[in-house]
Amino acid sequence: MQAKIGDRIVVRGHRIGEPDRDCEVLEVHGADGGPPYVVRWEDDGHETLFFPGCDAAVAPYESSRG
Amino acid sequence: MEFVHRSGIGVRPERSITDVAQIMEQSGIGSVAVVDGDVLVGIVTDRDLVRRGLAYELSPDARVDGVMSSPVVTIGVDADVHDALGLVRSHGVRRLAVVDGGRFVGMLTVDDLLVELARDLADLTRPIQDELGHPHRDAKVPAEMHS
């Protein structure tokens, strides 16, 4: 994954009924936009380090602000 | 290590145990990596929070590195499911930290391994299921071949 500051990352829910979560990239710690990222989670405002797996994707800018 | 399905979450060592519990609750995960700079220094599980935090009536503001498990059992990103099973068995742990060149990249749980093994088993049994559902009939040997 490659991301830049301000990008929004969506993490898919893992169980039926579990909503997707999204977060905003605050810092990029990897080379060339790679992980890990410092992110702020949209639902609770917590800031964490984030190591994306195959359940995560950078959301297109338009849909992430919709 | 394509069977690591979930993204990993990490926190700094000075983060409070209350914050970490809330992060686990919101994320639906049972373990969080504790990372100092780029170095993985431990992992904290929901069990750690109970047994080393709640059980000793630690302050809700206590640092998470006071209850984390360390050192962490790690596995390289190029390892396969059998390597992972061997580590789980030999160390008696339920989680392995996946590292790439020494840097933490994600968490591998026993649940991930079970899903992967179940998938392998399904692949193995598919030909048997096909045979049971649609029995294969060999062509009869022509009569002139019988002596």
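Let's start with the contact between the two chains. 18 residues of chain A are in contact with 18 residues of chain B. Contact here means that two C-beta atoms, placed from the backbone, lie within 7 Å. On the chain A side, the largest share comes from strand 4, residues 47–51, with four residues. By class, that side of chain A has nine nonpolar, five polar and four charged residues. Nonpolar covers Ala, Val, Leu, Ile, Met, Phe, Trp, Tyr, Cys and Pro; charged covers Asp, Glu, Lys and Arg; the others, Gly among them, count as polar.

A word on the model. It is predicted, so to speak of a local feature we need pLDDT of at least 70, and side-chain atom pairs count only at pLDDT 80 or more, while totals for chains, interfaces and linings use all residues. Residues are numbered from 1 along each chain as its sequence is written, and chains are lettered from A and ligands numbered from 1 in the order in which they are written. Helices (H or I, at least four residues) and strands (E, at least two) are DSSP runs, numbered from the N terminus.

Back to strand 4 of chain A. Which strand of chain B does it pair with? Strand 1 of chain B, residues 8–11, in the antiparallel sense, over three bridges. Two strands pair when DSSP finds at least two bridges between them. One bridge links Phe51(A) to Gly8(B).

Now stay in chain A. Strand 4 of chain A also pairs with strand 3 of chain A, antiparallel, over four bridges. Arg40(A) has Glu47(A) as its bridge partner there. Cys23(A) bridges to Trp41(A).

Look at the faces of strand 3 of chain A. Tyr37(A), Val39(A) and Trp41(A) make up the covered face. Val38(A) and Arg40(A) make up the uncovered one. In a regular strand, side chains alternate between the two faces of the sheet.

On to chain B. It has four helices and six strands. Along the sequence, the pattern reads β-α-β-β-α-β-α-β-β-α. The radius of gyration of chain B is 23 Å, well over the 15 Å that the globule rule gives for 147 residues, so chain B is more spread out than a compact globule. That radius is taken over C-alpha atoms, and the rule is 2.2 Å times the number of residues to the power 0.38. The C-alpha atoms fill a box of roughly 90 × 30 × 25 Å along the principal axes.

How much of chain B is buried? Buried residues make up 27% of its 147 residues. Buried means 20 or more other C-beta atoms within 10 Å of a residue's own, exposed means 12 or fewer, and partly exposed is in between; again the C-beta atoms are placed from the backbone.

Helix 1 of chain B, residues 17–27, shows this well. Its buried residues are Ile17(B), Val20(B) and Ile23(B). What do they pack against? Strand 4 of chain A, together with strand 1, strand 2, strand 3 and helix 2 of chain B. Just after helix 1 of chain B, Gly28(B) takes a positive phi of about 70°.

Next, strand 3 of chain B. Five of its seven residues are buried, so it is largely enclosed by the rest of the structure. Six bridges join it to strand 2 of chain B, and the two run antiparallel. Ser31(B) is bridged to Thr45(B). The hairpin of these strands has two residues between them, and Gly37(B) takes a positive phi near 65°.

For contrast, take helix 4 of chain B, residues 110–133. Leu114(B) is found there. Leu114(B) is exposed, with 10 other C-beta atoms within 10 Å.

Last, the domains. Chain B is assigned domain 1 (8–72) and domain 2 (73–134); these bounds come from an automatic or database assignment. Their centres, over C-alpha atoms, are separated by 25 Å. The contact takes nine residues from domain 1 of chain B and eight from domain 2 of chain B. On the domain 1 side, strand 2 of chain B gives the largest share, three residues.
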